[in-house]
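Trainee: Could you show me how to read a few features in a model like this one?

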Amino acid sequence: MAMAFKMATTGMRVTEECTSSFLEMKWKKVHRYIVFKIDENSRKVTVDKVGGAGENYQDLAASLPVDDCRYAVFDFDFVTADNCRKSKIFFIYWSPEASRIRAKILYATSKAGLRRVLEGIHYELQATDPTEMGFDIIQDRAK
């Protein structure tokens, strides 16, 4: 069985797949984004979807459900005004209005524990609808 890291606040565990996928995204650039979900039965945070290196931010936004909460990390590559290539990792807490109250509470109370496990995140976004996490917001925050 994979080693899991316990989140102190809610008793949730982050599976080893979550941390290994994040490290692959961060260091090897194999993934553009990762979507995480909470399995309420096993009380674990697991990987829901992984976006390949060729996918983009619109693919990430399209993969988030309209009626359930998720966490996501996105590796944003850009070029500065000085012509330097940079990369910033965004953590997105997705909590749409249509999701269940129980899910909203569970995701909100488990967020800090997952953030502690995923070291190297630069920025955090919290969104209840797609306009709150538009690509223009990502670009503005990164610069």
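Mentor: Start with R32, which is found in strand β3 (strands are DSSP E runs of at least two residues, numbered from the N terminus). This is a predicted model, in which local features need pLDDT of at least 70, side-chain atom pairs count only at pLDDT 80 or more, and totals for chains, interfaces and linings use all residues. Residues are numbered from 1 along each chain as its sequence is written, and side-chain values use heavy atoms, leaving out hydrogens and water.

Trainee: Is R32 buried or exposed?

Mentor: Buried means under 20% relative accessible area, exposed over 50%, partly exposed in between (1.4 Å probe, protein chains only). R32 counts as buried because its relative accessibility is 18%.

Trainee: Which residues is R32 in contact with?

Mentor: Contact means heavy atoms within 4.5 Å. Neighbours within four places in sequence aside, the partners of R32 include M25, A53, E55, V73 and D77.

Trainee: How do I read the aromatic pair of Y71 and F91?

Mentor: A pair of aromatic rings is described by the distance of the centres and the angle of the planes. Phe, Tyr and Trp rings (for Trp, the six-membered one) pair with centres within 6.5 Å; planes under 30 degrees apart are stacked, over 60 edge-to-face, the rest tilted. The structure holds ten such pairs. Y71 and F91 are tilted, at 5.7 Å and 35°, and they link strands β5 and β6, 20 residues apart.

Trainee: Where do Y71 and F91 sit?

Mentor: Y71 is buried at 0% relative accessible area, and F91 is buried at 0%.

Notes
Helix = DSSP H or I, 4+ residues; strand = E, 2+ residues; numbered from the N terminus.
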